[in-house]
Amino acid sequence: MAQPMDGNSVVVPAINSASSVCCLRSLGKRGITTIAVSEKGSPPAYWSRYVDETVHVPSFTDDVVAYKDGLLSLARRDDVQAIVTLREIDVYVLSKYRDEFAEHITPTWPSMETLQTAQDRVRLVEAAADAGVRVPKTRLLSEVENWDQKQIVKGRYAILASEYVDSYSEQEYGFAGTTMYLESGSEPDRERVQAEMGHDPIVQEYVPGEEYAVWALYDHGDQVATCLKGQVRAYQYEGGTSVCRETVEMPELREAGQILLDQLDWHGPAAVQFMRDDESGEFVLLEINPRFWVSLSCAVRAGLDFPYYLWRMATGEPILIDEEYEVGVMTHLLRGELVHLHSVLRGTNPYINPPAFRTRAWEVAKSCYDQPNFDYLTLDDPGPFVRDILNLADGVTDLFDATSDSESNVSGEVEREESADQPSR
């Protein structure tokens with residue numbers, strides 16, 4: 001396809017999350033030329049009517065530098081004004097090679113120093129505590145001596161790359177693995193866990209409660225827009241990446257997120273994740289996603305068009321926002337709802353019992369009927385939904401074939417493919 005040269009193009013990674021489709025729809029409807037880029041053959045975003053151009057880029061799992069060079073070649077084009085960050089690897093590459101990209105486009109992502117704080121959960125907990133935000137007790141796995149309490153193990157780093165792990169070269173990339181819930185009084189095999197995760201992960205106290213988030217866009221430390229989310233359901237019944245979420249308004253949640261982002265002098269999009277402690281009602285920090293979030297469509301449907309605001313930032317145009325967004329807007333990832341129900345049937349967790357399947361199935365059906373707002377499925381742009389279902393069918397068939405002789409965690413496998421796009425090293 002010929003390259004448009006009107007200076008009105010945006011690069012959107014076409015990933016396995018509906019956030020990319022949301023960006024394409026938002027920007028394409030406004031007449032902005034959209035360039036969908038992917039290392040995959042046929043991601044759902046390629047099937048959107050709002051894609052003007054598709055470009056294949058090298059896989060970051062094979063070579064991070066080659067992936068960077070692929071994005072940089074697009075940034076050098078006269079028509080390209082912005083690159084949207086939708087994955088940890090996107091913001092990592094743009095931040096690490098910030099000077100190279102800044103020669104051609106305006107950065108709408110944090111500096112590498114700030115990103116290191118967001119993607120290193122030890123540094124993040126320290127920064128949040130300094131800002132007065134409540135954090136869970138956090139230590140490296142190698143430092144833990146007491147196992148007589150409810151604790152979880154998760155990666156210290158959001159991704160494994162040369163800026164964080166000495167054993168990785170500049171070209172290498174890895175995913176730290178999924179969260180482990182530890183049985184109280186049972187010490188894990190540290191060496192095995194460290195080997196599986198590729199580094200010394202962290203151990204955090206388990207905080208029972210409901211998940212919330214502060215979605216935000218900042219311009220060099222100044223707040224542009226903020227929206228608050230309450231998680232209704234996730235891939236796993238005990239929590240994780242959301243498949244159903246709802247906009248809320250809670251002053252204490254807003255304040256906690258803003259305090260932390262102000263402390264970090266944030267720049268670009270961010271989703272600050274919290275757990276609301278069942279006992280105290282306080283919001284406890286979980287992590288920061290330094291990019292647009294998976295459930296971006298929820299904020300856009302509620303009235304805050306974050307992709308367009310980012311475009312205005314990148315092009316130096318004023319951003320005029322009616323700060324009021326609609327509270328109570330719920331959106332769904334349909335296939336995610338099915339995976340959630342599978343986890344209710346087959347999942348296990350040492351701390352949380354699954355809900356009754358019939359009750360949860362009724363809740364899913366009722367919420368989809370009451371608020372038929374879906375991440376992929378829309379009447380004016382059905383292509384991404386169709387392609388997503390076809391890709392899911394292929395993936396699940398392969399998964400069952402690979403695990404036919406053993407108990408398979410289908411829910412977990414689908415969630416990792418959807419939310420992270422980050423296979424292990």
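Q: In this predicted model, which residues of helix 12 are buried?
A: Arg360, Val364, Ser367 and Cys368 of helix 12 are the buried ones. To get that label, a residue has to come in under 20% relative accessible area.

Q: What makes the buried residues of helix 12 line one face of the helix?
A: Look down the axis of helix 12: the buried residues fall within an arc of 100°, so one face is what they line. On the other side of the helix you'll find Arg358, Trp362 and Tyr369, which are exposed.

Q: And what covers the buried residues of helix 12?
A: The cover includes strand 10 (222–236), strand 14 (330–332) and helix 11 (334–346).

Q: How do you know that the span of helix 12 agrees with its 14 residues?
A: Helix 12 runs over residues 357–370, and at 1.5 Å a residue it should span 20 Å. Its end C-alpha atoms are 20 Å apart, so the two values agree.

Q: Why is Asp166 called exposed?
A: Exposed means over 50% relative accessible area. Asp166 has 78%, so it qualifies. You'll find Asp166 in the loop between strand 6 (151–154) and strand 7 (180–182).

Q: How far apart are Asp166 and His199, in sequence and in space?
A: They're 33 residues apart in sequence, and C-alpha to C-alpha they sit 9.6 Å apart in space.

Q: Which residues make the nonpolar surface patch of about 250 Å²?
A: Trp47, Val386 and Leu390 make it. A patch residue needs over 30% relative accessible area, and Leu390 has 39%.

Q: What makes the phi of His220 worth a remark?
A: Most residues other than glycine have a negative phi. His220 isn't a glycine, yet its phi is positive, about 50°. His220 lies in the loop between strand 9 (209–219) and strand 10.

Q: What is the phi of Asp265, and where is its place?
A: Asp265 also isn't a glycine, and its phi is positive at about 50°. Its place is the loop between helix 8 (251–263) and strand 12 (268–277).

Q: Why is Asp265 called partly exposed?
A: Its relative accessible area is 48%. Exposed would take over 50% and buried under 20%, so Asp265 is partly exposed.

How values were computed:
Residues numbered from 1 in each chain as written. Predicted model: local features only at pLDDT ≥ 70, side-chain atom pairs only at ≥ 80, totals over all residues. Heavy atoms only, no water. Helix = DSSP H or I, 4+ residues; strand = E, 2+ residues; numbered from the N terminus. Expected span 1.5 Å × (residues − 1). Buried < 20%, exposed > 50% of the residue type's maximum accessible area, 1.4 Å probe, protein only. Arc of directions from axis to C-beta. Contact = heavy atoms within 4.5 Å. Patch = residues over 30% accessible without salt bridge, like charges linked within 9 Å, V, L, I, M, F, W, Y side chains within 5 Å. Areas by Shrake-Rupley, 256 points an atom, 1.4 Å probe, with all protein chains shown as cover. Salt bridge = Lys/Arg side-chain N within 4 Å of Asp/Glu carboxyl O.
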